[in-house]
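Here is a short report on selected local features of one protein model. Please look at the sequence and structure first.

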Amino acid sequence: MSGDTTSRWVIGLADADGQDVGLLGGKGAGLASMARAGFPVPPGFVITTDTCRAYYARDKLFPEGLWTETLAAVEVIERETQKTLGGSSDPLLFSVRSGAAVSMPGMMDTVLNLGLNPASVEALSKLTNNPYFAWETYRRFVQMFGEVVFGAPADRLASATARQQASDGALTVSGEQQLVERLEKIILGHARRPLPHDPEEQLQLAISAVFDSWMNRRAIDYRRLNGIPNDIYTAVTVQTMVFGNAGEDSGTGVAFTRDPTTGEQHMYGEYLPNAQGEDVVAGIRTPLSLDHMADRMSAAHGQLVEIAGRLETHYRDMQDIEFTVERGRLWMLQTRAGKRSARSSVRIAVEMAEAGLISRQEAVTRVTPDRLNELLHRVVKPSPEDVVLASGLAASPGGAAGTVVFDADEAQQLAEEGHRVVMVRRETSPEDFHGLVAAEAIVTSRGGVTSHAAVVARGMGKCCVVGCEAIEVDYAQQLFTVGSHVISKGDWVTVDGSTGEVFLGEVDTVEPELDDHYARLMTWADEFRTLRVRANADTPEDATAARAMGAEGIGLCRTEHMFFVEGRIEAMRAMIMAPNAVSRAEALADLEPHQVADFEGIFEAMDGLPVTIRLLDPPLHEFLPRPDETLLRITNLKLRLRDATDLNDIDQLLEEINVLENVLDRIERLSESNPMLGHRGCRLGIAYPEITEMQARAIFTAALHCAERGISVIPEVMIPLVAFTSEFDSQAAIVRDAATRVFEEHGISLDYTVGTMIELPRAALIADEIAASAEFFSFGTNDLTQSTVGLSRDDAGRFLPGYIQRGLITADPFQTLDRVGVGQLVEIGVERGRRARPDLKLGVCGEHAGDADSIEFFHQTGLDYVSCSPFRVPVARLAAAHAAIATED
């Protein structure tokens, strides 16, 4: 299998270029690299991703020439191994496995032991002098082939196996033979065709099944969750089988070159003696530690450690290795970059940079920005009174609580309804993936830290505990028992993925502690990025938290949030209900001291950093009671009035009814058909200039109070929802006039700026006109998206997920910026604004400011800063560094 490989469907591992991950898939590329390095790799070949692409283009038909090339590759392996596929003396058996360019653990299908039939199983029995091994291997093949290729129900096949084992006590040769017959009957009943005995037909069907698994539900869900394109397709790796179930001197396992949970630099993994690979991954049996392997198979273990070290050095990353030991001989079956927790990801990147394996830039880009959220999640803080139900293996760190569910579909449904759930299973399978995505945490009673549940949970940053052997799961009764405790579906539990404990009920949580590795990584990120990161903060407490997270100022302080506090909402309602300007001014005078106090606290927390304060934005009716609630109160008062006899009571009830009827009348007059585009933003300030004046006076009074105490204040006053230049000019004049009068009253002044939020398409289009007066722009991408795309953010959640599932759009435009539409308006606003005012400061303060993909766009567009929620600040800092490093490359 040598020569030009660019136009072929099939490439032998010995000929393949291990660097060509796109063509060979991650599994094939890793095997090719190991084979070229001289590591013990079973002979095999790769059917390329181009083949899968052609397969789908031809409506799931093999492309011309594929089967000829496949048979030629089989002949090469037959000559190399001196075995024959389906042979009656020394049969050649294959594993057929998937492998895309991006690792998708457990999401696609595999067929092992392919090539067995009634004749070759007898040959294998004689060759090994181990009839049980031969028939167990054949039973494994029949069960897996029936499920993967013919779609026979996995639960029926597994149930048949469990019944036979229960009947025999332990499966025997005759038990395995009987079980094969029973499984073949189940498959025949389901597929309406017998399981083929021709090895070539088996191989054809297995290749098709692996290709088909590229588009199964769990694979599609995984790609959508992880942003993996659908068009990269999967390769198929066909390899000579090696047997970990050949006896007590055999086994199989998974090893990581570093701890995938903590990042510590030591070999970490598990193995099962006398077992095949799917036994470890499926979590059906709880495996043993690699230390146990070192005691039982010291030579193979030593070789594994040596190869693992060389692989990590070669790939310059933590490796996830699959291996099999067959009668004492080590075979390498896979190497790939290992899935890891966020804490592990940070530590490994930092330590590899400090060891000189990678650069600091590469260390920063090794950590996905969104993964930092996991480090910032609260952790379980149990009290002495909290009950530990069970302890298992800490497979993925973090803490989470929820109600127990046992079914993936139910987990997804409840999560979509807003419930927090914890999925409890004996073990998980790839079919459970959508449930794992929906759950807050995962608990299994079986399996180890390299089982399917553990690997998938770590990859998603989900809290997970596996191998809780004290838990007895009863799917039929929808409950699990631990000693005297019975936990039913719907009961609350708390899972601590850092300690491996499962608690009864909902346990308290605390803020996490961030370590030195995190601090060093974020220091490097700050050195590389050019985009500044501010926070959206409305209270002194929020501002303090934001600064602790590394915020370099406040990009959005929403003043309306200050009015919802108890004791202030009444004054706000009095202002709205005021019959004239004089009464309104009196109500505003009651609100002003609260505004001053809040602004002082925020300025103090942000000492030396800029603070952008947006003037009142939402419609006034949002501050009033709900009309249905008000009407109900009126109705109840009228019922009391009907029964009242005391004149004082009657007078009081009539007065209350009159007040509420006035409120209801005001609500009705303020209500709008489309509040998002109604009387809000600068339009409120134009209708009620005394509101703008009061807020401006409060801002500058607070600023001067702080300045008098030696606090460095940089206030930026933002006029919201401007569509016409005249709107901005009108409001800016009020702000500047208020500033002048406050400065005169105090006898001192300070620098400030007045700018606007660009959140309407017209504002972006006339940015040059607005910039003639405005000193800064902040793109409000939430409203800019609503007004550009014609979608209500509050209502779009009912149907946008369906758009994404159908492939109509690739992402929710309220989470990731629509670059083509909304992004074009941002670009226009930037270009025209800076053309009119070259020193115009530009930022963004929508939800998109905390989204890594959107931040890349904002960096490329030339914005000065992004402003996001306080706990997204670290994510934004790292994403900004990624964007800057990518630009340099």
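## Helix α18 and its end

The model is predicted: local features need pLDDT of at least 70, side-chain atom pairs count only at pLDDT 80 or more, and totals for chains, interfaces and linings use all residues. Residues are numbered from 1 along each chain as its sequence is written, and side-chain values use heavy atoms, leaving out hydrogens and water.

Helix α18 spans residues 452-460 and is mostly covered, with 8 of its 9 residues buried. Buried means under 20% relative accessible area, with a 1.4 Å probe and protein chains only. Among the buried residues are His452, Arg458 and Met460.

## Helices α23 and α24

Helix α23 (residues 627-643) meets helix α24 (residues 647-670): their axes come within 10 Å and cross at roughly 160 degrees. The two are therefore roughly antiparallel (an angle over 145 degrees). Contact means heavy atoms within 4.5 Å. On the α23 side the contact includes Leu631, Ile634 and Leu637; on the α24 side it includes Leu653, Ile657 and Leu660. The contact residues divide into 13 nonpolar, 1 polar and 5 charged. Here Ala, Val, Leu, Ile, Met, Phe, Trp, Tyr, Cys and Pro count as nonpolar, Asp, Glu, Lys and Arg as charged, and the others, Gly among them, as polar.

## Thr785

Thr785 sits in helix α30, residues 781-789. Thr785 counts as buried because its relative accessibility is 0%. A polar atom of its side chain lies 2.7 Å from the backbone oxygen of Thr781. Leaving aside residues up to four places away in sequence, Thr785 touches Gly790, Pro813, Phe814, Val822 and His848.

Terms used:
Helices (H or I, at least four residues) and strands (E, at least two) are DSSP runs, numbered from the N terminus. Buried means under 20% relative accessible area, exposed over 50%, partly exposed in between (1.4 Å probe, protein chains only). A polar contact is a pair of N or O atoms within 3.5 Å; within protein, one must be able to donate a hydrogen and the other to accept it, and residues adjacent in sequence count only if both atoms are side-chain atoms. Axes are lines fitted to C-alpha atoms, for helices over the stretch in contact, and angles run from 0 to 180 degrees between N-to-C directions. Angles under 35 degrees count as roughly parallel, over 145 as roughly antiparallel, 65 to 115 as roughly perpendicular and the rest as oblique.
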